[in-house]
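Please examine the structure shown below before reading on.

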Amino acid sequence: MDDLLKNWVTKIKENDAKQVVDLYHENALLLGTFSNIERSGKEPIFNYFKNLLQSKVDVEVVTIHEHKADSVIAKSGLYNFIVDGKIIKARYSFLFVKIMENWKILSHHSSELPKSNGNDSK
């Protein structure tokens, strides 16, 4: 796993909402797995993670797809959230932007994988 995504996973596992939110850009957008609202800016994103991290949360990255262009990196794929021992299979996309020498999350979408209807094919 690469450093940017690994850093986010590490901060989630440390269970500290402030450290997680520090990874996000001031004007970031979060469409979180465990919420049905858009969260724009650090305060609403902090509230999301503060609520989520009241539970024991772990993340297992299953797949990573990466696209780079100058000072932008997009990552998407599948990961599993383990919340209080329950596995929630989800998909994700992150858009990282480079500000000075630091990378920040500008956009993060995560949603639970839909249930298969039996018509899915590889």
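In which sense do β1 and strand β2 pair, and over how many bridges? Strand β2 covers residues 39-40, and its pairing with β1 is antiparallel, over two bridges. Two strands are said to pair if DSSP finds at least two bridges between them. Strands themselves are DSSP runs of E with at least two residues, helices are runs of H or I with at least four residues, and both are numbered from the N terminus. Within this pairing, L29 has S40 of β2 opposite it.

The model is predicted: local features need pLDDT of at least 70, side-chain atom pairs count only at pLDDT 80 or more, and totals for chains, interfaces and linings use all residues. Residues are numbered from 1 along each chain as its sequence is written, and side-chain values use heavy atoms, with hydrogens and water left out.

The chain holds three helices and seven strands. Read from the N terminus, their order is α-α-β-β-α-β-β-β-β-β. Strand β1 (residues 24-31) also pairs with strand β7 (residues 102-112), this time in the parallel sense and over four bridges. L31 has H109 as its bridge partner in β7.

Strand β7 also contains S111. Is this residue buried or exposed? S111 is buried because its relative accessible area is 17%; the term buried means under 20% relative accessible area, exposed means over 50%, and partly exposed lies in between (1.4 Å probe, protein chains only). Not counting residues up to four places away in sequence, S111 touches T33, A90 and R91, where contact means heavy atoms within 4.5 Å.

Attention now turns to strand β5, which spans residues 72-83. Strand β3 (residues 57-61) runs antiparallel to β5, and five bridges join them; here V57 stands opposite V83. Strand β4 (residues 65-69) is likewise antiparallel to β5, with five bridges, and H65 is bridged to S76. A hairpin is formed by β4 and β5, with two residues between them, and D70 in its turn has a positive phi of about 45°.

On to strand β6 (residues 86-99): 12 bridges join this strand to β5, and the two run antiparallel. One of the facing pairs is F81 with I88 in β6. The strands β5 and β6 also form a hairpin with two residues between them, where D84 in the turn has a positive phi of about 50°.

N80 is a residue of β5. Its relative accessible area is 12%, and therefore N80 is buried. Leaving aside neighbours within four places in sequence, N80 is in contact with D58, V59, E60, V62, I87, I88 and K89.

Finally, consider the whole chain. For 122 residues, a compact globule would have a radius of gyration near 14 Å, and the chain agrees because its own value is 14 Å. This radius is taken over C-alpha atoms, and the globule rule is 2.2 Å times the number of residues to the power 0.38. Along the principal axes, the C-alpha atoms fill a box of roughly 45 × 35 × 25 Å. Of the 122 residues, 34% are buried. Among contacts with a separation of 6 or more, 45% join residues 24 or more positions apart.
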